[in-house]
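Subject: Structure handover

Hello,

Here is the structure I promised to pass on. Please open it and keep it beside this email while you read.

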Amino acid sequence: MGNTVTITYNGQQYEYPIVEGTMGDIAVDISKLRGETGLITLDAGYKNTGSCVSNITFLDGEEGKLLYRGYPIEQLAEKSTFVEVMYLLLEGELPNQQQLADWKSTLNEYNFVNERVEKILNGFPSEAHPMGVLASLTSALTAFNPKSVDPSKHTDMYHAAARLIAKFDILCAWTYRKSNNLEIVKPDTSLDYVTNFYQMMFKKDDNFEINPVIVNAIDKLLILHADHEQNCSASAVRLVGSSHAGLFASISAGISALWGPLHGGANQAVIEMLEMIKKDGGGLQKWVDKAKDKEDNFRLMGFGHRVYKNMDPRAKIIKKAADDVLDQLGIDDEVLDLARGLEEVALRDEYFVERKLYPNVDFYSGIIYRALGIPAEMFTVMFALGRLPGWISQWKEMRQNGEPIGRPRQVYQGATTRDYVDISNR
Ligand code: SDX
């Protein structure tokens, strides 16, 4: 393939370089386009537009492949741990024994939250959605950690990431406890990260027993959610961070972006949809038909993806894990059967086949969260907890690459120039 693209415009030819990725993705670099031709590109939702060069995550939507720093998600989900995957995303390599031990002890060093944060938390009504509370508390952490991060200094960035990750699971667990009018449970630094999160979420008294099936399931789900290249919330973190806004403020923006039902909020919407279908009792085809009806704004939540035009590899892993976890916990959840049936009906339907709409990461995850005793309004918080190391890695890469402030252009189609009309003449 040639290494340039030629654009002919107004009788002139312009050449733009091709940029090749290490896994075969290609792009045309149009950074000089406007200066040379006066043209900009227009691409609502950036469906055809790359925002950056990145070394963190690769996904192939056609093949349904996902790699974190080159490692297939299937291998990481089976062989790694969330704490190890955090390090991999942030540092670019799997840690050796010493590096992992140092990382874990650094996380422990920051495993506390200023008691005034609890007072802020108490100020929210218990019915406040946990994602709104979490976005506010994350931004509020800046007040207790005012020193800004210098991403060019490895130690600065390493400790800033550890500080935020170590406090974030506490904020998640405490948000859950408060919204259920439960006393908060303090972090226990003798436990590993995920087990500590689990006890902060569910411990009721000193007889509380750690269930390894639940801890392992949460660990696997957090690995599967840890990063996903330039998705909506990662792009929000990069864009906000490109103005050199602080790390905590940028992550707070990512939490808000993830909350939307078209993005991370879909995992909650899937369970609400399945419960509605179960209650309706009108059969599955009726809902698949509703999702196809352009006059009806109902969509099959958990189906379709901007990039995957094949089964989301994470959905495949989670679907299998749902079986195992429900089996190990001895739970028979008919909503899982409903989900499987809905997948079958949809994937036989021309509308879904033609548009390559497959189950995505959100379709089955809620079923596992529910089996683990996590309520639906906390599902997207679980997504955020998993995605945090990915967001931080994206922010770090954007700053370390010295990327310019993000400022897209537009095509204006509003009123042409006109003079002010005094109110007496309007
Ligand atoms: C996540 O980007 C990421 O990587 C995100 C994520 C991550 O890890 O960060 O993977 C996590 O956000 C997963 C997606 C969760 N969202 C949902 O499950 C919500 C339901 N899905 C959709 O709303 C939709 O599929 C999106 C938002 C996910 C993708 O939307 P696009 O890429 O803008 O596609 P589109 O809306 O233009 O749809 C193309 C066609 C349209 O029909 P036509 O105009 O061609 O006739 O497919 C249809 C859509 O109407 N369509 C659906 C559908 N999704 C797309 N029709 C019915 N039900 C659906 N779910």
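First, a term: two residues are in contact when heavy atoms of theirs lie within 4.5 Å. Keep in mind that this is a predicted model.

Start with a helix pair. Helix α7 covers residues 154–179, and helix α18 covers residues 379–400. Their axes come within 10 Å. They cross at roughly 160°. Angles over 145 degrees count as roughly antiparallel, and α7 and α18 are therefore roughly antiparallel to each other. The crossing of α7 past α18 is right-handed.

Which residues meet there? On the α7 side, they are Met-157, Ala-161, Leu-164, Ile-165, Phe-168, Asp-169 and Cys-172. On the α18 side, they are Val-381, Ala-384, Leu-385, Leu-388, Pro-389, Ile-392, Trp-395, Lys-396 and Gln-400. By class, this contact of α7 with α18 has 13 nonpolar residues, one polar residue and two charged residues.

Now look at the second largest pocket. It holds about 410 Å³ of space. Its lining has 20 residues. Thr-81, Val-83, Asp-192, Val-215 and Asp-219 lie nearest the centre.

Which helices supply at least two residues each of that lining? They are α2 (73–79), α4 (97–109), α7, α8 (193–202) and α9 (212–224). The largest share, five residues, comes from α9. By class, the lining of this pocket has eight nonpolar, six polar and six charged residues.

Best wishes

Methods. Residues are numbered from 1 along each chain as its sequence is written. This is a predicted model: local features need pLDDT of at least 70, side-chain atom pairs count only at pLDDT 80 or more; totals for chains, interfaces and linings use all residues. Side-chain values use heavy atoms; hydrogens and water are left out. Axes are lines fitted to C-alpha atoms, for helices over the stretch in contact, and angles run from 0 to 180 degrees between N-to-C directions. Helices (H or I, at least four residues) and strands (E, at least two) are DSSP runs, numbered from the N terminus. Angles under 35 degrees count as roughly parallel, over 145 as roughly antiparallel, 65 to 115 as roughly perpendicular and the rest as oblique. A crossing is left-handed if the near helix is turned anticlockwise from the far one by less than a right angle, and right-handed if clockwise. Ala, Val, Leu, Ile, Met, Phe, Trp, Tyr, Cys and Pro count as nonpolar, Asp, Glu, Lys and Arg as charged, and the others, Gly among them, as polar. On a 1 Å grid over the protein atoms alone, a cavity is a set of points where a 1.4 Å probe fits but cannot get out, and a pocket is an open set with protein on both sides within 12 Å along at least five of seven lines; lining residues have an atom within 4 Å of a point. Grid points are joined across faces, edges and corners, and a volume is the space filled by probe spheres set on the points.
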